[in-house]
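Here is a short briefing for a reader meeting this structure for the first time. Look at the sequence and the model, then read the points below.

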Amino acid sequence: MIFIVVKFETKPEFTEQWPELVAEFTTNTRGEEGNLFFDWARSLDNPNEYVLTEGFADDAAEAHVGSDHFAKAVSELPQYLAHTPKIISEKVGADSWGPMGEMQVD
C-alpha cells in the first residue's frame, strides 16, 4: 500500500470552510478504484491545520495523481492555504488497518 499523510494549514478565514472546499475532491477520490481510505482530521494543536490520511493500492496512486479531480484540487486549493502542504508518502507492507496490539478494548 502507498500510505500518505498530508498536513494542510489553511488561512484562518477559510478554516471553517475547508471541509466544504475539499468535499468534491474527497468524494471523487474515495470513489477511485484502489483507494483504501481518504480521511480528514483536524489538528488539536493548530486549529487551522487539517491532516489528510490516505491509502492506495500500490498500482492506484499513479491514477489518483493523474485524475481530473486531483488536477482541479492542485489548481484551486492553494488559494485557501497559508503554506505549501507537508507530506509523507511511503510504500508500506500493509494492505489495511489492523488492531493495535498495545491497547485492547473488550
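Threonine 29 is in contact with Asn35, Phe38, Phe56, His64 and His69, leaving aside its neighbours within four places in sequence; contact means heavy atoms within 4.5 Å. Threonine 29 sits in helix α2, residues 23-30. Threonine 29 counts as buried because its relative accessibility is 0%. Buried means under 20% relative accessible area, exposed over 50%, and partly exposed in between, with a 1.4 Å probe and protein chains only.

This is a predicted model, in which local features need pLDDT of at least 70, side-chain atom pairs count only at pLDDT 80 or more, and totals for chains, interfaces and linings use all residues. Residues are numbered from 1 along each chain as its sequence is written, and side-chain values use heavy atoms, with hydrogens and water left out.

**Overall build**

- The protein has four helices and four strands. Helices (H or I, at least four residues) and strands (E, at least two) are DSSP runs, numbered from the N terminus.
- Along the sequence, the pattern reads β-α-α-β-β-α-α-β.
- The C-alpha atoms fill a box of roughly 40 × 35 × 20 Å, taken along the principal axes.
- Of the contacts in the protein with a separation of 6 or more, 73% come from residues 24 or more positions apart.

**Surface and charge**

- Of the 106 residues, 33% count as buried.
- The accessible surface is about 7200 Å², and 54% of this surface belongs to carbon and sulfur atoms. The areas come from the Shrake-Rupley method with a 1.4 Å probe; for residues, only the protein chains shown count as cover.
- There are 7 positive and 20 negative side chains. Lys and Arg count as positive, Asp and Glu as negative, while His and the chain ends are not counted.
- The centres of the two charge sets lie 7 Å apart.

**Largest pocket**

- The largest pocket has a volume of about 330 Å³.
- Its lining has 17 residues, and the closest to the pocket centre are Val6, Phe8, Phe70, Val74 and Pro85.
- Two or more lining residues come from each of β1 (2-9), β3 (49-56), α3 (61-65) and α4 (68-76).
- On a 1 Å grid over the protein atoms alone, a pocket is an open set of points where a 1.4 Å probe fits, with protein on both sides within 12 Å along at least five of seven lines; lining residues have an atom within 4 Å of a point.

**Glutamate 9**

- Glutamate 9 is in strand β1.
- Glutamate 9 counts as partly exposed because its relative accessibility is 24%.
- Glutamate 9 touches Asn46, Asn48, Glu49, Leu81, Ala82 and His83, not counting residues up to four places away in sequence.
- Glutamate 9 and valine 22 are 13 residues apart along the chain, and their C-alpha atoms are separated by 13 Å.

**Glutamate 76 and glycine 101**

- Glutamate 76 belongs to helix α4. With 38% relative accessibility, glutamate 76 counts as partly exposed.
- Glycine 101 is in the segment after β4 (86-91). With 61% relative accessibility, glycine 101 counts as exposed.
- Glycine 101 and glutamate 76 are 25 residues apart in sequence and 41 Å apart in space, C-alpha to C-alpha.
- Glutamate 76 and proline 19 are 57 residues apart along the chain, with 14 Å between their C-alpha atoms.

**Serine 43**

- Serine 43 lies in the loop between β2 (35-42) and β3.
- Serine 43 is buried, with a relative accessible area of 17%.

Technical notes. Charge placed at Lys NZ, Arg CZ, Asp CG, Glu CD. Points joined across faces, edges and corners; volume = space filled by probe spheres on them.
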